[in-house]
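Let's take a walk through this one together. Have a look at the picture first, and then we'll go through it piece by piece.

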Amino acid sequence: MIRLKIADIVIQLNMPIKLLHDNLYNYLYKGALEADIIWDFVFDNSYEIDEKPYIVSKEYNIYYENNKIVYKYNSESKIPFMIVAKSNFSEVRFYLPKRLESLDKCTNLAIINAKKNLYNIFKDMFILACIYKGKLPMHAATVVYEDKGYMFSASASEGKSTHAELWEKIYGCEMLNEDLCIVGIDDSEDKIKAVVYGCPWSEKTCDSMNEQVLLGGMAFIKKGKENIIFDIGKEELGMNLLESHFVPMLTKEIVDMCVKNICDIARCAKGYKLACNKDKEAAEKAFEYMV
Amino acid sequence: MRIKDDYVVKDILGNIVIIPIGQNYMNKAENIYLNSEGAFFIRNIKAGKNEEEIVDLYADLFSEDIDDARYEFEKFVEHGVEKGFLEKN
């Protein structure tokens, strides 16, 4: 049995460790907390579905069956070829081809392939599960400066990674993650605070920090000729969070959870709008304003 | 008229947004942000009020005459049908 702890969520994986991707090793957990999420693995080539699909896409169809959500992949060679999840994603069963049951008989390439596929699917399942635990997965780069996280979110190619890398270079910050960050709230003390967690998934590099830090601020970036930064109120922050999260809005229940988390976070986090170019001055201006 | 099943109306700290779900979401339909008048209309449609009730309420609330109120409502419904989140009964 393998256990991971990502963004304060304990995941129990009932699978052989040989199928665990290297990027997940930094998140292995040996503590005493009970699992919040259980992922089971079944080596079986068959699973029959009687229902019509709820969602049809190029890659997979999604079905509702007996209060469960079923992903059936269209390619027979896909690993896993099917996923069956409880509606809140707290229990997920991954169906893998029978040939992977005896890993000793599989080639190295087959194992590497299976690891990579599972690593990517785990991200999708984690994103859906974590919203039921009060978290919001954000398409953002976050750097850590003096134990606080500063998050930069933007559409593709608007410069969030470039800006985060400037902070790393100039101020010696560490990169929490440059693509996917998990935001949550800490209500353990009198004042509710926004926090941000690293996670093991990233488009560009395998570097991520398995840390939780206070969220110093979230800046929503657009390319600009001049470097301008200003505060935004919680209402506008809520709108920006809605456009920047990673959650697939598959059902009304998922939307309800996602919006609840957006509102909770927007009420206690600091938000900014940042128009900037790639110059050093962009990072200096943002740093001076946010830190 | 009614809000279609593949859209969900949410209030995010005072802003009313219509969010596509399911197949609609997969087909890359976008979130629809409503101004105060749109928000008024959608809240009342969601509450099950008919056209006459909504037009009367709108005329009262925004101090408009009935014809102007009806025009605004019909314009909103047309917009909603075009965008795909409303359907006429």
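Where chain A and chain B touch, chain A brings 24 residues to the contact and chain B brings 16. Keep in mind as you look that this is a predicted model. The size of an interface is often given as the accessible area lost when the parts come together. Here the area buried between chain A and chain B comes to about 1700 Å², and carbon and sulfur atoms give 71% of that. If you want to find the residues of chain A that lose the most area to chain B, look for A:M239, A:L242 and A:M249; together they make up 28% of what that side buries.

Now for the charges. Side chains of opposite charge can pair when their charged atoms come close. Between chain A and chain B the count is 1 salt bridge. It's formed by B:K10 and A:D256, whose closest N and O atoms sit 2.7 Å apart. Polar contacts turn up here too: 7 residue pairs across the interface of chain A and chain B, counting pairs with both residues at pLDDT 80 or more.

Which elements of chain A give two or more residues to the side that touches chain B? They are β4 (55-56), α3 (234-244) and α4 (252-268) of chain A. The largest share, 8 residues, comes from α4(A). Sort the residues on this side of chain A by class and you get 15 nonpolar, 3 polar and 6 charged.

One pair to pick out is A:K115 with A:D22, the closest N and O atoms being 3.9 Å apart. A:K115 lies in helix α1 (residues 108-131) of chain A, while A:D22 is in the loop between β2 (9-14) and β3 (37-43) of chain A, so this pair ties together parts that are 93 residues apart in sequence.

Next, over to chain B and a pair of helices. Helix α2 (residues 36-46) and helix α3 (residues 51-61) of chain B pack at an angle of about 145°, with their axes 10 Å apart. The crossing of α2(B) and α3(B) is right-handed. On the α2(B) side you'll find B:E37, B:F40, B:F41, B:N44 and B:I45, and they meet B:I54, B:L57, B:Y58 and B:L61 in α3(B). By class, this contact has 7 nonpolar, 1 polar and 1 charged residues.

Finally, a couple of backbone details in chain A. Most residues other than glycine have a negative phi, and most peptide bonds are trans. The peptide bond from A:I79 to A:P80, though, is cis, with omega near -5°. You can find A:P80 in the loop between β6 (68-73) and β7 (82-86) of chain A. Then there's A:F89, which has a positive phi of about 60° although it is not a glycine. A:F89 is placed in the loop between β7 and β8 (91-96) of chain A.

Notes
Residues numbered from 1 in each chain as written. Chains lettered and ligands numbered in written order. Predicted model: local features only at pLDDT ≥ 70, side-chain atom pairs only at ≥ 80, totals over all residues. Heavy atoms only, no water. Axes fitted to C-alpha atoms, helices over the stretch in contact; angles between N-to-C directions. Helix = DSSP H or I, 4+ residues; strand = E, 2+ residues; numbered from the N terminus. Left-handed = near helix turned anticlockwise from the far one by under 90°. Contact = heavy atoms within 4.5 Å. Nonpolar A, V, L, I, M, F, W, Y, C, P; charged D, E, K, R; others polar. Buried area = accessible area lost by both parts, 1.4 Å probe. Salt bridge = Lys/Arg side-chain N within 4 Å of Asp/Glu carboxyl O. Polar contact = N/O pair within 3.5 Å; in protein donor to acceptor, adjacent residues only side chain to side chain.
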